[in-house]
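Welcome, and thanks for taking a look at this one with me. Below are a few points to read alongside the structure.

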Amino acid sequence: MLHQIIVRLFLGALLLCTYSPASSGQSQGARSVFAMDMLDANPNRPSSSNAAEILPPGLLQWEYGWSREWDGLGGLGSALGGEFRYGLTNRVELRWGGGTFVAQSDGVIKNNGFGDQYFASQVVLRRQSPSIPAFAVSYAIKVPSASEPKGLGSGRIDHTFVFLASKDIHEFTIDFNTVTQVVGRDAAPGFDKNAIFILTLSHAIKGPLGIIAEISGNTRLNQQTPAFATNLWALTYRVRRRFVIDCAFDVGITHGAPQKRVLFGFTYAIVNLRHGT
């Protein structure tokens, strides 16, 4: 059943990203591979996907938030974390992120501490045109800085490879990510691998208010982590050009998925280091 959902997700993303009527163009509420202003906040959060676009050269941006997750088996997790993004060139963006504080509870034992960190880069392969989506690739490596004895991390290095596509159609923005995870095994040598497919639809409702809808599917990682699918709904609000706040609700839709997750956070365009603003 789940593999059928994933296949349909992939085919639907291809159809949406390639559909481009002559009248379609970039809407004011949609994201683009080019920022309209050097200090416009350009958030990827709170969705699980990333846009194929990148920040303008020199722009340093901070995305940060809080999340709480219920696994449906009595476990509860909370985290404070986010990432710094920097536009290195017209086609390359660098990122550093992770959890600054994470807490885990199984109903009996509670632990908290510093979370894992990651370093990532994204390269734009092709910018968006009226008929072709924007395409990009990304790579991230996880640094196992969270405590393994406390159960806050695996203590292993993970690798993530992503292919990204984004397209503006009328007043909607579509982001599609295909992700390959290479995850270090707990208490054993070697790696486990799986794939993730994420389809995200963003739309400006009115003025600074926007809505995000997302569906994602994960293939099986190992015996402990089966295949599952989830969906997410979010609202964003642009307080100022350089400051956006968000809230989201993520819920599992198949067996084995995390039961639910809530998120709150913000995105802030700090400074453009090349223009001194």
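**Notes for a first reading**

1. Let me begin with how the chain holds together across its sequence. Residues 24 or more positions apart make up 54% of the contacts in the chain that have a separation of 6 or more. Please keep in mind that this is a predicted model.

2. Next, the overall layout. The chain has 277 residues, 44% of which count as buried. Its accessible surface is about 14000 Å², with 63% of that belonging to carbon and sulfur atoms.

3. Now to the interior. In soluble globular proteins, nonpolar side chains tend to be buried together. Here the largest nonpolar core is made of eight residues: A52, A134, A136, V162, L164, V179, I196 and I198. Strands β6 (134-143), β7 (158-169) and β9 (191-206) each contribute at least two residues to this core. There is also a second, separate core of six residues, among them I169, A195, F197 and L199.

4. Setting aside neighbours within four places in sequence, I196 is in contact with N177, T178, V179, Q181, G217 and N218.

5. Is D158 buried or exposed? D158 sits in strand β7, and it counts as buried because its relative accessible area is 13%, under the 20% cut-off. Leaving out residues up to four places away in sequence, D158 touches A140, I141, K142, V182, V183 and G184. The side chain of D158 reaches the backbone nitrogen of G184 at 2.9 Å. As for A140, its C-alpha atom is 8.3 Å from that of D158, and the two residues are 18 apart along the chain.

6. Two spots in the backbone deserve a look. The peptide bond from R45 to P46 is cis, with omega near 5 degrees; P46 belongs to the loop between α1 (2-18) and β1 (59-70). The other spot is H170, a residue other than glycine with a positive phi, near 55 degrees. H170 lies in the loop between β7 and β8 (172-184). With a relative accessibility of 37%, H170 counts as partly exposed, because that value falls between the 20% and 50% limits.

Key
Residues numbered from 1 in each chain as written. Predicted model: local features only at pLDDT ≥ 70, side-chain atom pairs only at ≥ 80, totals over all residues. Heavy atoms only, no water. Core = buried A, V, L, I, M, F, W, Y, C linked by side-chain atoms within 4.5 Å. Buried < 20%, exposed > 50% of the residue type's maximum accessible area, 1.4 Å probe, protein only. Helix = DSSP H or I, 4+ residues; strand = E, 2+ residues; numbered from the N terminus. Contact = heavy atoms within 4.5 Å. Polar contact = N/O pair within 3.5 Å; in protein donor to acceptor, adjacent residues only side chain to side chain. Areas by Shrake-Rupley, 256 points an atom, 1.4 Å probe, with all protein chains shown as cover.
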